[in-house]
Amino acid sequence: MSYLVLARKYRPRSFEAMVGQEHVVQALANALTQQRLHHAYLFTGTRGVGKTTVSRILAKSLNCTGPDGQGGITAQPCGVCDACRDIDAGRFVDYVELDAASNRGVEEISQLLDQAVYKPVLGRFKVYMIDEVHMLSNTAFNAMLKTLEEPPEYLKFVLATTDPQKVPPTVLSRCLQFNLRPMAPQTVQEHLAAVLAQEQIAAEPGALRLLARAARGSMRDALSLTDQAIAFGAGALAEAGVRQMLGAVDRGHAVRLVEALAAGDGAALIQSVDGLRALGLSAAGTLEEMAALLQQMAVQQAVPGALDAGDPDTAVVERLAAALAPDETQLLYSIVVHGRGELALAPDEYSGLVMVLLRMLAFKPAGSGSAERAAPRPAAAPAQAVSAAAARPAAVAAAPALRVPTPAPRAAPAPVARSPEPPPWVDAPDESELAEPAGLPAPEVPEPRPRAVVATVATVVAVATTPLGDRWTALVKRLVEAGAIGALVRELAMQSECIGFDEARIVLRVDRETLRSAANVDKLGAAIAQVLGRAVALQVEAGTPEDSPARRDAAERARRQAEAEQIIADDPLVKALMAQYKTARIVPGSIKPH
Ligand SMILES: [Zn+2]
C-alpha cells in the first residue's frame, strides 16, 4: 500500500474543514449561498496557507451536482458527485491549474485563453486557477486582461499570489481579493494533534509545539515536517527526537540563559554559551528559543493565567515572568530578535551569541537582579528611564536605538567613581565585593565644594596583598599572556585567591559557584600544567577571596584613577579656573587615566 503524505491526505475538501481562514471561508460561503458570483478572485498569502485548497473547493462549489445529480451551486460541495471527485483527484477537464512560476510566458497564457472561448465540457463553469500570478510577464498580463475585462459568463478566474504588490493594478482592480493569513502556531498545533489522533500516532505536546512553530504559519509545511518527524521517530513523535530533527535548541538552555540574565550573572551566561558550543547547538536556534520564551513571559506578565495550564512549560514561564519586570522582558525580547539578525555579521555564531547576551546584561535596568525586582515596576518606569537618560549624557545617547524604553544605567550612579572599563564578565556580585565590608552602607557623598578633590575608590578597594597572592597573580599573568585559558577559565583564575601553592599542589578560594564547575577547574589545571611544565593538582574551595588578581586589578585601576584626578586637581590652570568661576567643578568620572 502506498503511503499518502499527510499534507495530501488531510488537504481540506470542504470549507468547513479549512482551519485558520474562517474570515475568507465565511465570505465565500455567503457569496455562493446568495449566488453573488464574481468572475475573478485573487487569493493572497504566504506559501502553504491554503490558496490552492480554497481554489479547489470553490471550483467544486461551482460545479457540484450533488449526490443525486440534481444539485446546484452550493457552499457545501457533496464530495461524491463526478465533478467533486474529479476535482479532488485533479482530473476535471474544466478546472485548470497553471503555475505561473514555471509557465510565465505569453505562450502558455495565450493557449489557456484560447480555450476560454469554448464552453465547459462537463461542468457548469470553467475555472482557471493561476498560481503565483505575479510571475507572469507583462505581455502575458495584457493578454489576460482582455479576457478579464469581458469574460464569458461560464468562466471564473482564480488568481493566487504570495506577492500581490507585483500584480498590476489593472488586474487587481478586476478581482475580488482575499487575504489568507499565516496560521497561528496554536492553530497549527491543534490541527496536528487532531490529524495524529486520527492516524493513531502518539505525540508529545512539546513535539507538536516545535513542529507548529517551525512551520511558520504554513499548514502544509507543518504536515510535511510531521511526516518527516514520524519517519525520524520510527512512528512516534517525541519532543527530544523532533528537536534533534529540527536542530532546535532544548528549552532548558533558554531557561538557564534567562535565569542568568535575571540574576545579572555574567559568568553563568558565558558558561552556558560554552556548554552550547560543546554540544554543537546552534546560536540562532538558541536565540529563537529565547525569543519564544520571552514572548510567553510577556504574555504571562500582561495577562496572568493566559497560558495553557496543561503545558508542562507553563510553570517555568510563570516563574521567570515573575523574576523580570515587564519592560525588561520587552527589552530583552527586542535585543534577542535584533541580535538574531546580526549573527551572520559576527566573526562566528558563538561570538555573536555572546555579544547579544552581554548586550542584554549591559542594558539591564538599574535595581534589577535583586529581590526588589519581584515587585512589578508600574507605568512610572518610562519616566524614570527618561530622566536617567537625561542625567547620563554620552553613554546612553550612544546606545543603539532599539525603540524601546531607554534603560537606566546598570549600576545606580555611585557616589564614588567606579573603576573604569570593567571587563564585560564583571557583574553585580563584584560591586558588593568592592563596597567592603559587605552590608555596610556606601560611603557618604562629600558635599560638593569648589576645588574638592573627587573621592575615589582607591580607599575602598585597598587589597592586603599576600606573598601567595603575588605568586598566583604572576602565574595568572603568564596564563593569560600564553593565551592558555578561555574567557570563563580566565574569570575563575582572576576571581580566585590563592591559599596554597607548592610544587605539587595549588589551592584556590572563590565564592562564585558557577566558576567552580569541574570542567572549569580541569581546564585551569591543564593550563597551569602546560605553563609550568609539570603536573600540578588544582583544588578550588568555596569561600570569599581577599587577594585575587581581579581585586588587585580593580585596586590598581582605582589608584591610577585617583592619581589622574589628583594631577588635574593640582594643575595650576585648573586651580585658576576654579578660583575664577565659583560654580566650576570637576565632573565626577570625567577624568580618565592614560
Ligand atoms: Zn459534488
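The protein averages a pLDDT of 80, and 81% of the residues score at least 70. Confidence falls under 50 over residues 408-443, for which the model has 61 contacts beyond four places in sequence, and likewise over residues 445-461, with 28 such contacts. Where pLDDT is low, the predicted coordinates should not be read in detail.

A zinc ion is coordinated by the SG atoms of Cys-64, Cys-78, Cys-81 and Cys-84, at 2.2 to 2.3 Å, and along the chain these donors follow the spacing C-x13-C-x2-C-x2-C. The arrangement is tetrahedral, because the four donor atoms subtend angles of 98 to 123° around the ion. Of these cysteines, Cys-84 is buried, with a relative accessible area of 0%, whereas Cys-78 is partly exposed, at 24%.

The structure holds 23 salt bridges, among them one between the side chains of Glu-289 and Arg-213 (2.8 Å, N to O). Glu-289 lies in helix H14 (residues 283-302) and Arg-213 in helix H9 (residues 205-214), so this pair ties together parts that are 76 residues apart in sequence. Glu-289 also meets Arg-243 in a salt bridge (3.8 Å, N to O); this pair links helix H14 with helix H11 (residues 239-246), 46 residues apart, and both Arg-243 and Glu-289 are buried.

A further salt bridge joins Arg-552 and Asp-470, whose closest N and O atoms are 2.7 Å apart. Because Arg-552 lies in helix H24 (residues 549-570) and Asp-470 in helix H21 (residues 467-481), the pair ties together parts that are 82 residues apart in sequence.

Key. Residues are numbered from 1 along each chain as its sequence is written. Side-chain values use heavy atoms; hydrogens and water are left out. pLDDT is the predictor's confidence in each residue, from 0 to 100. Contact means heavy atoms within 4.5 Å. Donors are N, O and S atoms within 2.8 Å of the metal (3.2 Å for Na, K and Ca); water is not among the atoms, so sites may look incomplete. Four donors count as tetrahedral if all angles lie between 85 and 135 degrees; four count as square planar and six as octahedral if opposite donors are over 155 degrees apart and all others between 65 and 115; anything else is irregular. Buried means under 20% relative accessible area, exposed over 50%, partly exposed in between (1.4 Å probe, protein chains only). A salt bridge is a side-chain nitrogen of Lys or Arg within 4 Å of a carboxyl oxygen of Asp or Glu. Helices (H or I, at least four residues) and strands (E, at least two) are DSSP runs, numbered from the N terminus.
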